[in-house]
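Have the structure open while you read.

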Amino acid sequence: MKASLVTIEPNGHFCDDCAVRGAAVCSSLDAAELREFEHLGRRVHFGSGETVFSEEDITTSFYNVLEGVMRLYKLLPDGRRQIVGFALPGDFLGMNLSGRHNFSADAIGAVTVCQFAKAPFSRFIEDRPQLLRRINELAIRELSQARNHMVLLGRRSADEKVATFLLGWRERLVALKALSDMVPLPMSRQDIADYLGLTIETVSRTFTKLERQGVIEIIQGGISLLDPARVEAMAAA
């Protein structure tokens, strides 16, 4: 049996050193509200491959991603996996209408989240319209990403899918740090394939083809965009 790699820190003063506070759900709170808010949460660390929550589980907590990347996925009736997204620091997970998680979330590498129990969090936001607005903004962003993903899964070539993925992933990383032509890819080729609706062989061939054409360079832990303009043209096709 695999040993659990999940560790939990007790409730404490975490907000002062939170690197993603400006992008997180709590960015709308003032200093006094933030002091109250931080006592609602606890930091939880997940090891690589650990499940943060599972599809159809009853929602008991919400999660603000602090560090690392998570894969978000659904299992199809025939056992195949469809990755619906990748969560980055600042993303807020767990809100839903059904009271059950709509997808599963696993850690890609080490992940740290701020976990909030559903009931006290829900009470806290009741009389704070600015926090409700911030949650609504994040929900609209998630909906936009889902619509873009639906288009990506449509009638597009493998080259166009991979190019769109690389640009979209780079754009999301830019929000966390400075623009760079080096694009870290912590997820596996299989993860990318399951996100794009392709086979791992097609994804690998496409990466090799783009490298051979001088569009990208495959490096340890990611890729380097050698010709960003060409990647943009492929994605816009």
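## Ground rules

For helix packing, an axis is a line fitted to C-alpha atoms over the stretch in contact, and angles run from 0 to 180 degrees between N-to-C directions. Helices (H or I, at least four residues) and strands (E, at least two) are DSSP runs, numbered from the N terminus.

This is a predicted model, where local features need pLDDT of at least 70, side-chain atom pairs count only at pLDDT 80 or more, and totals for chains, interfaces and linings use all residues. Residues are numbered from 1 along each chain as its sequence is written, and side-chain values use heavy atoms, with hydrogens and water left out.

## α2 against α3

Start with helix α2 (residues 118-125): its axis and that of α3 come within 8 Å and cross at roughly 115°. On the α2 side you'll find Phe121, Phe124 and Ile125, and they meet Leu131, Leu132 and Ile135 in α3 (contact means heavy atoms within 4.5 Å). Sorted by class, this contact has 6 nonpolar residues, no polar and no charged. Here Ala, Val, Leu, Ile, Met, Phe, Trp, Tyr, Cys and Pro count as nonpolar, Asp, Glu, Lys and Arg as charged, and the others, Gly among them, as polar.

## α4, α5 and what surrounds them

Now look at helix α4 (residues 158-174) and helix α5 (residues 189-196), which pack at about 110° with their axes 11 Å apart. That makes α4 roughly perpendicular to α5 (65 to 115 degrees; under 35 is roughly parallel, over 145 roughly antiparallel, and the rest oblique). Lys161, Val162 and Phe165 in α4 meet Ile192, Tyr195 and Leu196 in α5. The tally for this contact is 5 nonpolar, no polar and 1 charged.

How much of α5 is buried? The count is 6 of its 8 residues, so α5 is largely enclosed by the rest of the structure. Buried means under 20% relative accessible area, exposed over 50%, and partly exposed in between, with a 1.4 Å probe and protein chains only. The buried ones are Asp191, Ile192, Ala193, Asp194, Tyr195 and Leu196. Their cover includes β4 (61-75), β5 (81-87), β7 (104-117), α3 (129-152), α4 and α6 (200-212). Just after α5, Gly197 takes a positive phi of about 75°.

Back in helix α4 sits Asp159, which is buried at 18% relative accessible area. Leaving aside neighbours within four places in sequence, Asp159 touches Thr206, Lys209 and Met234.

## Rings

The whole structure holds 14 aromatic pairs. Rings of Phe, Tyr and Trp (its six-membered ring) pair if their centres lie within 6.5 Å; planes under 30 degrees apart are stacked, over 60 edge-to-face, and the rest tilted. Take Phe37 and Phe116: the centres are 4.8 Å apart and the planes sit at 35°, so this pair is tilted. It ties together distant parts of the chain, with Phe37 in helix α1 (residues 31-37) and Phe116 in strand β7, 79 residues apart. Phe116 also forms a tilted pair with Phe121, at 5.4 Å centre to centre and 50° between the planes. Phe116 is buried at 2% relative accessible area, and Phe121 is buried at 0%. Ring pairs join Phe37, Phe62, Phe92, Phe116, Phe121 and Phe124 into a cluster.

Which ring does Arg189 lie over? That's Phe207, with Arg189 over its face at 4.2 Å from the ring centre. A charge counts as over a ring if NZ of Lys or CZ of Arg is within 6 Å of the ring centre and within 35 degrees of the ring normal.
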